[in-house]
Amino acid sequence: MTGPRMKYMGSKRAMLRNGLGHLLDEEAPKHKRFIDLFTGSGSVAGHVAVRNAIPVIAYDLQEYSVAVVGAIVARTRPLDADTLWKTWLEAAEPLVHDVQPPVGPWDSEKSVYAAREWCAAQLMLPITRAYGGHYFSPLQAVWIDALRATIPTAEPQRSVALAALVHAASQCVAAPGHTAQPFQPSTTALPYLREAWNRSVAAKTSESLNRVSAQHALRVGQSCREDANVAAGKLHADDLVFVDPPYSGVHYSRFYHVLETITTGECGEVSGSGRYPSAERRPKSRFSLKTESELAMRELLRSIWHSGATAILTFPDHDCSNGLSGDLVRKIASEFFKVTEIGVASKFSTLGGYSEVDKREKGRAARKSAKELILVLRH
Ligand SMILES: C[S@@+](CC[C@H](N)C(=O)[O-])C[C@H]1O[C@@H](n2cnc3c(N)ncnc32)[C@H](O)[C@@H]1O
(Lines give C-alpha, C1' and ligand atoms only; values in the text may rest on other atoms or scores of the structure.)
Protein backbone atom coordinates (compact mmCIF):
# COMPACT_ATOMS: atom_id res chain seq x y z
CA MET A 1 0.00 0.00 0.00
CA THR A 2 1.44 3.37 -0.89
CA GLY A 3 -0.62 5.07 1.78
CA PRO A 4 0.22 7.80 4.26
CA ARG A 5 3.10 6.99 6.55
CA MET A 6 1.61 6.07 9.87
CA LYS A 7 4.18 5.31 12.56
CA TYR A 8 3.05 1.88 13.57
CA MET A 9 4.63 -0.62 15.95
CA GLY A 10 5.42 -3.70 13.94
CA SER A 11 4.27 -2.25 10.62
CA LYS A 12 5.13 -4.64 7.82
CA ARG A 13 5.73 -1.84 5.32
CA ALA A 14 9.51 -2.41 5.18
CA MET A 15 9.11 -6.20 4.96
CA LEU A 16 6.74 -5.83 2.00
CA ARG A 17 9.76 -4.62 0.03
CA ASN A 18 11.96 -7.28 1.57
CA GLY A 19 10.51 -10.67 0.63
CA LEU A 20 7.05 -10.53 2.16
CA GLY A 21 5.52 -8.60 -0.74
CA HIS A 22 6.85 -11.10 -3.24
CA LEU A 23 5.54 -14.05 -1.22
CA LEU A 24 2.08 -12.47 -0.95
CA ASP A 25 2.04 -11.69 -4.69
CA GLU A 26 2.77 -15.35 -5.38
CA GLU A 27 0.35 -16.86 -2.85
CA ALA A 28 -2.68 -14.55 -2.84
CA PRO A 29 -3.87 -15.34 -6.41
CA LYS A 30 -4.17 -19.03 -5.42
CA HIS A 31 -6.82 -18.23 -2.80
CA LYS A 32 -10.46 -17.08 -2.70
CA ARG A 33 -10.04 -14.55 0.13
CA PHE A 34 -7.23 -12.87 2.07
CA ILE A 35 -7.75 -12.57 5.82
CA ASP A 36 -5.51 -10.27 7.89
CA LEU A 37 -6.15 -11.23 11.52
CA PHE A 38 -4.04 -8.46 13.18
CA THR A 39 -4.27 -5.72 10.57
CA GLY A 40 -2.79 -2.72 12.49
CA SER A 41 -1.90 0.02 10.01
CA GLY A 42 -3.19 -2.24 7.21
CA SER A 43 0.03 -2.20 5.23
CA VAL A 44 -0.40 -5.88 4.31
CA ALA A 45 -4.18 -5.85 3.83
CA GLY A 46 -3.81 -2.81 1.55
CA HIS A 47 -0.93 -4.36 -0.39
CA VAL A 48 -3.03 -7.43 -1.20
CA ALA A 49 -6.32 -5.58 -1.82
CA VAL A 50 -4.97 -3.19 -4.45
CA ARG A 51 -3.23 -5.99 -6.40
CA ASN A 52 -5.51 -9.02 -6.24
CA ALA A 53 -9.07 -9.65 -7.38
CA ILE A 54 -10.03 -11.35 -4.11
CA PRO A 55 -11.83 -9.82 -1.12
CA VAL A 56 -9.62 -8.78 1.79
CA ILE A 57 -11.11 -9.09 5.27
CA ALA A 58 -9.15 -7.34 8.02
CA TYR A 59 -9.51 -7.63 11.80
CA ASP A 60 -8.10 -5.70 14.73
CA LEU A 61 -9.10 -4.87 18.31
CA GLN A 62 -8.60 -1.16 17.72
CA GLU A 63 -11.32 0.93 16.09
CA TYR A 64 -8.97 3.30 14.35
CA SER A 65 -7.14 0.47 12.64
CA VAL A 66 -10.48 -0.90 11.42
CA ALA A 67 -11.38 2.59 10.14
CA VAL A 68 -8.10 3.24 8.34
CA VAL A 69 -7.98 -0.21 6.70
CA GLY A 70 -11.69 -0.29 5.84
CA ALA A 71 -11.33 2.97 3.92
CA ILE A 72 -9.29 1.03 1.35
CA VAL A 73 -10.27 -2.65 1.43
CA ALA A 74 -14.04 -2.02 1.39
CA ARG A 75 -14.04 0.28 -1.67
CA THR A 76 -13.47 -0.58 -5.33
CA ARG A 77 -13.39 2.90 -6.91
CA PRO A 78 -11.25 5.99 -6.41
CA LEU A 79 -13.00 8.99 -4.85
CA ASP A 80 -12.92 12.60 -5.98
CA ALA A 81 -10.78 13.99 -3.16
CA ASP A 82 -11.00 17.64 -4.31
CA THR A 83 -14.79 17.81 -4.11
CA LEU A 84 -14.83 15.94 -0.82
CA TRP A 85 -12.20 18.24 0.72
CA LYS A 86 -13.88 21.44 -0.50
CA THR A 87 -17.21 20.53 1.12
CA TRP A 88 -15.58 19.27 4.30
CA LEU A 89 -13.33 22.30 4.69
CA GLU A 90 -16.25 24.69 4.14
CA ALA A 91 -18.09 23.01 6.99
CA ALA A 92 -15.14 22.79 9.40
CA GLU A 93 -13.42 26.16 8.92
CA PRO A 94 -16.18 28.34 10.45
CA LEU A 95 -16.12 26.20 13.61
CA VAL A 96 -12.41 26.90 14.05
CA HIS A 97 -12.93 30.62 13.51
CA ASP A 98 -15.79 30.69 16.03
CA VAL A 99 -13.60 29.18 18.76
CA GLN A 100 -10.53 31.35 18.06
CA PRO A 101 -7.85 29.20 19.72
CA PRO A 102 -4.63 30.85 20.93
CA VAL A 103 -1.88 30.54 18.32
CA GLY A 104 1.44 30.86 20.15
CA PRO A 105 4.35 31.43 19.76
CA TRP A 106 5.12 28.40 21.89
CA ASP A 107 8.50 29.61 23.06
CA SER A 108 8.30 29.05 26.81
CA GLU A 109 7.12 26.54 29.36
CA LYS A 110 4.65 29.17 30.58
CA SER A 111 3.02 29.54 27.16
CA VAL A 112 2.56 25.74 26.90
CA TYR A 113 0.93 25.61 30.35
CA ALA A 114 -1.38 28.46 29.33
CA ALA A 115 -2.30 26.47 26.21
CA ARG A 116 -3.11 23.44 28.40
CA GLU A 117 -5.33 25.54 30.61
CA TRP A 118 -7.20 27.02 27.64
CA CYS A 119 -7.73 23.57 26.11
CA ALA A 120 -8.91 21.95 29.35
CA ALA A 121 -11.69 24.55 29.54
CA GLN A 122 -13.13 23.61 26.09
CA LEU A 123 -15.74 21.23 27.46
CA MET A 124 -17.62 20.91 24.16
CA LEU A 125 -14.51 19.93 22.19
CA PRO A 126 -13.50 16.37 23.18
CA ILE A 127 -10.13 16.19 21.43
CA THR A 128 -9.11 19.70 22.52
CA ARG A 129 -10.14 19.05 26.12
CA ALA A 130 -8.32 15.70 26.35
CA TYR A 131 -5.20 16.25 24.22
CA GLY A 132 -4.86 19.96 23.39
CA GLY A 133 -1.79 21.56 24.99
CA HIS A 134 -0.20 18.06 25.18
CA TYR A 135 -0.13 16.07 21.94
CA PHE A 136 -1.52 18.97 19.89
CA SER A 137 -1.42 22.76 19.91
CA PRO A 138 -4.77 24.44 20.69
CA LEU A 139 -5.18 25.29 16.98
CA GLN A 140 -4.40 21.73 15.85
CA ALA A 141 -6.75 20.23 18.44
CA VAL A 142 -9.59 22.57 17.49
CA TRP A 143 -9.06 21.71 13.82
CA ILE A 144 -9.25 18.00 14.64
CA ASP A 145 -12.45 18.57 16.62
CA ALA A 146 -13.94 20.69 13.83
CA LEU A 147 -13.04 18.19 11.09
CA ARG A 148 -14.30 15.29 13.23
CA ALA A 149 -17.62 17.08 13.90
CA THR A 150 -18.22 17.84 10.21
CA ILE A 151 -17.11 14.57 8.69
CA PRO A 152 -19.24 13.68 5.63
CA THR A 153 -22.14 11.36 6.50
CA ALA A 154 -22.44 9.36 3.26
CA GLU A 155 -20.28 6.29 2.62
CA PRO A 156 -17.64 5.75 1.37
CA GLN A 157 -16.78 9.45 1.81
CA ARG A 158 -17.17 9.15 5.58
CA SER A 159 -14.69 6.27 5.95
CA VAL A 160 -12.15 7.87 3.66
CA ALA A 161 -12.39 11.22 5.47
CA LEU A 162 -12.05 9.58 8.88
CA ALA A 163 -9.01 7.61 7.72
CA ALA A 164 -7.43 10.82 6.36
CA LEU A 165 -8.04 12.62 9.66
CA VAL A 166 -6.47 9.76 11.66
CA HIS A 167 -3.43 9.75 9.37
CA ALA A 168 -3.10 13.54 9.65
CA ALA A 169 -3.35 13.44 13.45
CA SER A 170 -0.70 10.70 13.63
CA GLN A 171 1.62 12.89 11.55
CA CYS A 172 1.08 15.97 13.72
CA VAL A 173 1.28 14.40 17.16
CA ALA A 174 3.90 15.97 19.45
CA ALA A 175 5.48 12.82 20.85
CA PRO A 176 8.84 11.10 20.39
CA GLY A 177 7.36 7.90 18.99
CA HIS A 178 3.74 6.96 19.41
CA THR A 179 1.06 8.57 21.51
CA ALA A 180 2.21 7.13 24.83
CA GLN A 181 3.93 10.29 26.16
CA PRO A 182 3.78 13.79 24.68
CA PHE A 183 6.82 16.08 24.56
CA GLN A 184 7.04 18.17 27.72
CA PRO A 185 8.00 21.87 27.52
CA SER A 186 11.49 21.30 28.97
CA THR A 187 14.42 23.24 27.52
CA THR A 188 15.52 20.23 25.49
CA ALA A 189 12.10 19.05 24.26
CA LEU A 190 10.47 22.46 23.64
CA PRO A 191 11.93 22.86 20.11
CA TYR A 192 10.47 19.45 19.15
CA LEU A 193 7.14 20.34 20.67
CA ARG A 194 7.07 23.67 18.80
CA GLU A 195 7.96 22.02 15.49
CA ALA A 196 5.16 19.47 15.90
CA TRP A 197 2.64 22.08 17.08
CA ASN A 198 3.30 24.18 13.97
CA ARG A 199 2.26 21.41 11.54
CA SER A 200 -0.97 22.14 9.74
CA VAL A 201 -3.74 19.64 10.48
CA ALA A 202 -5.80 20.90 7.54
CA ALA A 203 -2.91 20.57 5.07
CA LYS A 204 -2.01 17.07 6.34
CA THR A 205 -5.66 15.99 6.18
CA SER A 206 -5.98 17.25 2.63
CA GLU A 207 -2.76 15.41 1.60
CA SER A 208 -3.89 12.20 3.28
CA LEU A 209 -7.31 12.51 1.67
CA ASN A 210 -5.68 12.65 -1.76
CA ARG A 211 -3.67 9.52 -1.07
CA VAL A 212 -6.42 7.46 0.56
CA SER A 213 -9.00 8.45 -2.08
CA ALA A 214 -6.78 7.18 -4.87
CA GLN A 215 -6.34 3.72 -3.36
CA HIS A 216 -9.00 1.05 -3.61
CA ALA A 217 -9.44 -2.69 -3.57
CA LEU A 218 -10.10 -4.76 -6.67
CA ARG A 219 -12.90 -6.65 -4.87
CA VAL A 220 -15.12 -5.45 -2.04
CA GLY A 221 -13.71 -6.55 1.30
CA GLN A 222 -14.31 -5.36 4.83
CA SER A 223 -12.67 -4.54 8.14
CA CYS A 224 -14.10 -5.53 11.52
CA ARG A 225 -13.30 -4.92 15.13
CA GLU A 226 -13.01 -8.48 16.33
CA ASP A 227 -10.64 -10.67 18.28
CA ALA A 228 -8.41 -12.69 15.96
CA ASN A 229 -9.19 -15.90 17.84
CA VAL A 230 -12.93 -15.38 17.27
CA ALA A 231 -12.40 -14.41 13.62
CA ALA A 232 -10.31 -17.56 13.10
CA GLY A 233 -13.43 -19.61 13.80
CA LYS A 234 -14.96 -18.24 10.57
CA LEU A 235 -12.20 -19.11 8.11
CA HIS A 236 -12.64 -21.16 4.93
CA ALA A 237 -10.31 -23.83 3.56
CA ASP A 238 -9.46 -21.72 0.50
CA ASP A 239 -8.48 -18.60 2.51
CA LEU A 240 -4.97 -17.20 2.76
CA VAL A 241 -4.57 -15.96 6.34
CA PHE A 242 -1.97 -13.44 7.50
CA VAL A 243 -0.95 -13.66 11.15
CA ASP A 244 1.15 -10.80 12.57
CA PRO A 245 0.40 -10.85 16.30
CA PRO A 246 1.71 -8.49 19.01
CA TYR A 247 5.22 -9.16 20.32
CA SER A 248 5.01 -6.60 23.09
CA GLY A 249 4.00 -7.12 26.70
CA VAL A 250 2.43 -3.66 26.64
CA HIS A 251 -1.03 -3.40 25.07
CA TYR A 252 -1.13 -1.55 21.75
CA SER A 253 -3.90 0.67 23.08
CA ARG A 254 -1.30 2.38 25.30
CA PHE A 255 0.38 3.75 22.18
CA TYR A 256 -2.65 4.51 20.02
CA HIS A 257 -5.36 5.88 22.35
CA VAL A 258 -5.30 9.35 20.73
CA LEU A 259 -6.11 7.88 17.31
CA GLU A 260 -8.76 5.67 18.92
CA THR A 261 -10.42 8.74 20.46
CA ILE A 262 -10.39 10.58 17.14
CA THR A 263 -12.07 7.59 15.51
CA THR A 264 -14.75 7.02 18.13
CA GLY A 265 -15.22 10.76 18.77
CA GLU A 266 -14.90 10.73 22.54
CA CYS A 267 -12.83 9.28 25.37
CA GLY A 268 -14.30 10.37 28.72
CA GLU A 269 -11.87 11.52 31.40
CA VAL A 270 -8.14 11.20 30.74
CA SER A 271 -5.31 11.01 33.26
CA GLY A 272 -1.53 11.04 33.70
CA SER A 273 1.09 12.71 31.56
CA GLY A 274 0.19 10.31 28.72
CA ARG A 275 -3.45 11.58 28.91
CA TYR A 276 -4.82 8.03 28.95
CA PRO A 277 -8.52 7.31 28.88
CA SER A 278 -9.70 4.92 31.62
CA ALA A 279 -8.39 1.34 31.39
CA GLU A 280 -11.76 -0.18 30.51
CA ARG A 281 -11.92 1.97 27.38
CA ARG A 282 -8.59 0.62 26.10
CA PRO A 283 -8.62 -2.72 24.24
CA LYS A 284 -6.62 -5.51 25.83
CA SER A 285 -5.07 -8.45 24.06
CA ARG A 286 -4.28 -11.91 25.37
CA PHE A 287 -1.25 -11.74 23.07
CA SER A 288 0.18 -8.93 25.22
CA LEU A 289 -0.21 -10.82 28.49
CA LYS A 290 2.80 -12.97 29.37
CA THR A 291 0.61 -15.48 31.17
CA GLU A 292 -1.74 -15.97 28.22
CA SER A 293 0.17 -15.32 25.01
CA GLU A 294 1.32 -18.91 24.43
CA LEU A 295 -2.14 -20.36 24.91
CA ALA A 296 -3.69 -17.64 22.74
CA MET A 297 -1.19 -18.44 19.97
CA ARG A 298 -1.78 -22.19 20.22
CA GLU A 299 -5.58 -21.73 20.14
CA LEU A 300 -5.29 -19.41 17.17
CA LEU A 301 -3.12 -21.73 15.11
CA ARG A 302 -5.31 -24.70 16.01
CA SER A 303 -8.42 -22.84 14.71
CA ILE A 304 -6.66 -21.87 11.49
CA TRP A 305 -5.51 -25.47 11.02
CA HIS A 306 -9.06 -26.75 11.63
CA SER A 307 -10.39 -24.48 8.90
CA GLY A 308 -8.02 -25.98 6.35
CA ALA A 309 -6.71 -22.52 5.38
CA THR A 310 -3.10 -21.68 4.47
CA ALA A 311 -1.38 -19.08 6.65
CA ILE A 312 1.60 -16.76 6.53
CA LEU A 313 2.90 -15.87 9.99
CA THR A 314 5.48 -13.21 10.87
CA PHE A 315 7.22 -12.81 14.20
CA PRO A 316 10.49 -11.31 15.51
CA ASP A 317 13.13 -14.04 15.74
CA HIS A 318 14.11 -13.38 19.37
CA ASP A 319 12.68 -13.41 22.88
CA CYS A 320 9.89 -10.85 23.12
CA SER A 321 8.41 -9.04 26.09
CA ASN A 322 5.03 -10.76 25.76
CA GLY A 323 6.67 -14.10 26.57
CA LEU A 324 6.68 -15.40 22.99
CA SER A 325 9.80 -15.92 20.90
CA GLY A 326 10.63 -16.90 17.35
CA ASP A 327 11.53 -20.40 18.62
CA LEU A 328 8.30 -20.85 20.55
CA VAL A 329 6.19 -19.64 17.63
CA ARG A 330 8.02 -22.07 15.28
CA LYS A 331 7.39 -24.90 17.75
CA ILE A 332 3.67 -24.16 18.15
CA ALA A 333 3.22 -23.79 14.39
CA SER A 334 4.86 -27.15 13.73
CA GLU A 335 2.48 -28.86 16.18
CA PHE A 336 -0.21 -28.32 13.53
CA PHE A 337 1.25 -27.39 10.16
CA LYS A 338 3.94 -28.22 7.66
CA VAL A 339 6.12 -25.16 8.13
CA THR A 340 8.32 -23.49 5.52
CA GLU A 341 10.60 -20.87 6.97
CA ILE A 342 11.75 -17.67 5.31
CA GLY A 343 13.91 -15.30 7.36
CA VAL A 344 14.36 -11.64 6.54
CA ALA A 345 16.35 -8.85 8.12
CA SER A 346 13.96 -6.17 9.18
CA LYS A 347 13.84 -3.00 11.18
CA PHE A 348 11.00 -2.87 13.65
CA SER A 349 10.00 -0.74 16.54
CA THR A 350 11.58 -1.80 19.81
CA LEU A 351 9.00 0.04 21.88
CA GLY A 352 8.00 -2.43 24.53
CA GLY A 353 8.86 -5.34 22.30
CA TYR A 354 12.11 -6.55 23.79
CA SER A 355 12.48 -8.88 26.72
CA GLU A 356 14.42 -7.86 29.82
CA VAL A 357 17.59 -9.46 28.45
CA ASP A 358 17.41 -7.46 25.25
CA LYS A 359 16.69 -4.20 27.06
CA ARG A 360 20.30 -4.11 28.24
CA GLU A 361 21.52 -3.60 24.73
CA LYS A 362 18.57 -1.49 23.69
CA GLY A 363 19.87 1.93 24.75
CA ARG A 364 22.04 2.17 21.66
CA ALA A 365 19.23 2.85 19.24
CA ALA A 366 15.50 3.35 19.37
CA ARG A 367 15.15 1.11 16.37
CA LYS A 368 17.33 -1.82 15.67
CA SER A 369 17.86 -4.26 12.89
CA ALA A 370 16.75 -7.75 13.70
CA LYS A 371 15.71 -10.87 11.97
CA GLU A 372 12.04 -11.34 11.50
CA LEU A 373 10.58 -14.75 10.72
CA ILE A 374 8.21 -15.46 7.91
CA LEU A 375 6.60 -18.88 8.23
CA VAL A 376 4.34 -20.36 5.59
CA LEU A 377 1.92 -22.80 7.24
CA ARG A 378 0.38 -25.50 5.07
CA HIS A 379 -1.50 -28.74 5.66
C1 LIG B 1 2.14 -6.37 15.10
S2 LIG B 1 0.70 -5.40 14.97
C3 LIG B 1 0.20 -5.67 13.31
C4 LIG B 1 0.90 -4.77 12.35
C5 LIG B 1 0.36 -4.84 10.95
N6 LIG B 1 0.64 -6.09 10.28
C7 LIG B 1 0.90 -3.67 10.12
O8 LIG B 1 1.54 -3.91 9.09
O9 LIG B 1 0.69 -2.53 10.55
C10 LIG B 1 -0.48 -6.28 15.88
C11 LIG B 1 -1.90 -5.72 15.84
O12 LIG B 1 -2.76 -6.69 16.43
C13 LIG B 1 -3.79 -6.03 17.12
N14 LIG B 1 -4.30 -7.03 18.09
C15 LIG B 1 -3.76 -7.37 19.30
N16 LIG B 1 -4.43 -8.39 19.83
C17 LIG B 1 -5.40 -8.72 18.95
C18 LIG B 1 -6.41 -9.71 18.94
N19 LIG B 1 -6.55 -10.57 19.97
N20 LIG B 1 -7.25 -9.77 17.88
C21 LIG B 1 -7.12 -8.90 16.84
N22 LIG B 1 -6.18 -7.93 16.80
C23 LIG B 1 -5.33 -7.85 17.84
C24 LIG B 1 -3.15 -4.80 17.70
O25 LIG B 1 -4.13 -3.81 17.97
C26 LIG B 1 -2.16 -4.43 16.59
O27 LIG B 1 -2.76 -3.50 15.71
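Analyst: Helix α4 (residues 63-73) is mostly covered, with 10 of its 11 residues buried. Helices here are DSSP runs of H or I with at least four residues, strands are runs of E with at least two, and both are numbered from the N terminus. Buried means 20 or more other C-beta atoms within 10 Å of the residue's own; 12 or fewer is exposed, anything in between is partly exposed, and C-beta atoms are placed from the backbone. This is a predicted model: local features need pLDDT of at least 70, side-chain atom pairs count only at pLDDT 80 or more, and totals for chains, interfaces and linings use all residues. Residue numbers start from 1 along each chain as its sequence is written.

The buried residues of α4 include Tyr 64, Val 66, Val 69 and Ile 72. Their cover includes α3, β2, α9 (157-172), α11 (201-214), β3 (222-225) and α13 (253-264).

Next comes the loop. Ala 74 sits between α4 and α5 (81-99). Ala 74 counts as buried because it has 21 C-beta neighbours inside 10 Å. Leaving out residues up to four places away in sequence, Ala 74 touches Ser 159, Val 220, Gly 221, Gln 222 and Ser 223. Contact means C-beta atoms, placed from the backbone, within 7 Å. Ala 74 and Gln 222 are 148 residues apart in sequence, yet their C-alpha atoms are 4.8 Å apart in space.

Now the ligand. Of the 22 residues around the ligand, Gly 10, Phe 38, Gly 40, Ser 41 and Ser 285 come nearest. The elements giving two or more residues to this shell are α3 (43-51) and β2 (56-60). A shell residue has its C-beta atom, placed from the backbone, within 6 Å of the molecule.

Methods
Contact = placed C-beta atoms within 7 Å.
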